[in-house]
Amino acid sequence: MNQAYQWPEAGERRLPRFIYTDEAIFAREMERIFFADSWNYVALSCELPNPGDYILSSIGNVGVVVSRDRKGEVRVFVNRCPHRGARLCERRKGNNKLFTCPYHEWSFNLEGRLVGVPLSRGVDGKGGMSEQFDPSAHHLQQLHVAQRHGVIFASFSNTIAPLTDYFGPKILKYFDRVCDGRPLKVIGKHKHVVYGNWKLQIENVKDTVHAAILHAFFTLFGIWRSDQKTQIVVEANGRHSVLASTATFTKQEGSSSTTANGEFQLADERLIAHSPEFQEATGAVMTLWPNLIFLQQLNCLVMRHVEPVNSNSCIKTWTFFAYADEASELTERRIKQANLLGAAGLVTIDDNEILASCQQGIAYPQDFQCVLEAGEGNGDCDYMVSESAIRGFYQYYRQVMEL
């Protein structure tokens, strides 16, 4: 790219302003990241229990339809009619025997094949489709699909690695400990706009430092503290990472959030009540390249799908889930904790506001570089105060973007 897009000499310890504000960079991200060799989260399999069921999702800024065909196979199509480009589906979910375009009613079966074109023979022998028209050349654009333990991913790439290789063994360990093959069920969904670049949202959950500073609720009730046991795990090339922590549920001495001397108490202790489910870590926040945040915190389980809109905003879809056969009391606890960690939760509202603030500040029309000097390296570490997972992300980002 030209001189306007030169990365700082300090490497991943400095992040240039243009990656958050430049629409040409955003367009390059769509082509180089989302439409290239990436497995993109699109849905949970349990959201499509029956043939004909579908749900709308996205890959980058392209809308897709995730559907189950008559044989039970999951299909992912670009949500676009190949005739004139109209969106096939507008409702967020539903059940169809055919996908029919609202513009000219071209119809496609559940495998994505064109099966009907109105007036194809014209009227009274006049008009209709030309002799050159070949219906087999106008099926829906279909993506490659991979599933693991009830989680559906899709890719535009013909050269994408198998999903297990794409994750790598360190990340797969944390993925499989939650999605271990047991049938899942969706217990709620949230959707909202974040007024910040999509990468700010991904950085935020690779950032161990802010959680114990910005989120006073976490520190006050001992859910995430800077002195608790923490592990940062980064996949070899940097693209995926996990922040694993173990809550103490005790206040941190000397923290500014503890000066209330007991003034702040929960009216409902169930909000942070924790029933141990895993051998280690009460919280494990996975970020899977490019834009999935897989959160296990206390008993809350949620897929947070970050959908880029443009260089300065994104949409975040939260899919809260549980195990299909678990006790109803545990499901109720997960739903209760969505009030802590959901779109308007006592933690998320901090992030929503600060990310918008970051975007506004970065957008000021002067040269600026974000600073990533906490900790060393771009890989694993066993302490809290490190930005290594963020640097690892940008190590891979630079390689893909050729910056």
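How many of the five residues of strand β13 (residues 230-234) are buried? The structure examined here is a predicted model, in which local features require pLDDT of at least 70 and side-chain atom pairs count only at pLDDT 80 or more, while totals for chains, interfaces and linings use all residues. Residues are numbered from 1 along each chain as its sequence is written, and side-chain values use heavy atoms, with hydrogens and water left out.

Four of the five residues of β13 are buried, so the strand is largely enclosed by the rest of the structure. Here buried denotes under 20% relative accessible area, exposed over 50%, and partly exposed the range in between (1.4 Å probe, protein chains only). Strands (E, at least two residues) and helices (H or I, at least four) are DSSP runs, numbered from the N terminus.

Strand β13 belongs to an open sheet of seven strands, ordered β12-β18-β17-β16-β15-β14-β13, with antiparallel pairing; two strands are taken to pair if DSSP finds at least two bridges between them. At the edges stand β12 (184-194) and β13, each with a single partner strand, so one side of each has no neighbour in the sheet. From one strand to the next the twist averages 15 degrees, with axes fitted as lines to C-alpha atoms and angles running from 0 to 180 degrees between N-to-C directions.

The antiparallel strands β13 and β14 are joined by five bridges, and V233 has V242 of β14 as its bridge partner. Six residues separate the two strands of this hairpin, and G238 in the turn has a positive phi of about 95 degrees. On to β15, β14 pairs in the antiparallel sense over five bridges; S245 is the bridge partner of G283 in β15. The loop between β14 (241-245) and β15 (283-288) contains Q279, which counts as exposed because its relative accessibility is 87%. The C-alpha atoms of Q279 and R177 are separated by 9.4 Å, although these residues lie 102 residues apart along the chain.

Aromatic contacts were examined next. Rings of Phe, Tyr and Trp (its six-membered ring) pair if their centres lie within 6.5 Å; planes under 30 degrees apart count as stacked, over 60 as edge-to-face and the rest as tilted. The count comes to 22 aromatic pairs. In one of them, the ring centres of F175 and F294 are 5.5 Å apart and the planes stand at 80 degrees, so the pair is edge-to-face. This pair links distant parts of the chain, with F175 in helix α4 (residues 169-178) and F294 in strand β16 (residues 292-297), 119 residues apart. Both F175 and F294 are buried.

The rings of W289 and Y396 are also edge-to-face, because their centres lie 4.8 Å apart and their planes meet at 85 degrees. W289 is located in the loop between β15 and β16 and Y396 in helix α10 (residues 388-401), so the pair ties together parts 107 residues apart in sequence. W289 is buried, with a relative accessible area of 2%, and Y396 is buried at 9%.
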